[in-house]
Amino acid sequence: AAAAAANSAEVGGDSAKLELAPDEFMVTLEMKEGLRLGLDVDWKDGRTLNIKKVLDGVVLEHNKSHKEKAIQGGDRIIAINGHFDDPKAMLNECKTQRKLQLLIRTTRDLTPKAPAPPASEDR
């Protein structure tokens with residue numbers, strides 16, 4: 001009971017972490033000199049950046065070393081550096097900031113794969 005009380009007291013504080021949905025994940029990217037972000041996006045919905053494909057650049061480098069949090073075509077960028085529902089502001093962050101924190105929503109299953117139970121059962 002004490003642990004539950006401690007957690008509930010924290011909710012209103014600035015230290016509260018963003019609650020991610022099961023189909024969302026955060027990625028922090030560091031822009032490198034001479035490299036572009038490397039995403040082909042469209043923002044027709046006026047709220048998110050729909051990733052059409054990953055091109056050469058920082059995202060491709062990220063994907064090579066972070067298979068479980070790889071950014072792929074079909075994913076959507078929900079927010080960049082805290083900017084939600086404003087694709088122009090998100091794109092501006094990409095152009096002006098060296099550190100980008102992306103909130104990605106994917107259609108892939110992100111639940112960690114549990115080891116399969118042994119096929120043979122002793123009876």
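## Getting started

Helices (H or I, at least four residues) and strands (E, at least two) are DSSP runs, numbered from the N terminus. This is a predicted model, in which local features need pLDDT of at least 70, side-chain atom pairs count only at pLDDT 80 or more, and totals for chains, interfaces and linings use all residues. Residues are numbered from 1 along each chain as its sequence is written, and side-chain values use heavy atoms, with hydrogens and water left out.

## A threonine after β6

Thr106 sits in the segment after β6. It is buried, with a relative accessible area of 5%; buried means under 20%, exposed over 50% and partly exposed in between (1.4 Å probe, protein chains only).

Leaving aside neighbours within four places in sequence, Thr106 is in contact (heavy atoms within 4.5 Å) with Asp23, Phe25 and Asp75.

## The nonpolar core

A nonpolar core is a set of buried Ala, Val, Leu, Ile, Met, Phe, Trp, Tyr and Cys residues joined through side-chain atoms within 4.5 Å. The largest one here has 18 residues, and Leu29, Leu37 and Leu100 are among those with the most contacts inside it. Elements giving two or more residues to this core include β1 (24-30), α2 (58-65) and β6 (99-105).

Which residues of α2 are buried? They are Val58, Val59, His62 and Asn63, and they pack against β1, β2 (39-42) and β3. On the other side of α2, Lys64 and Ser65 are exposed.
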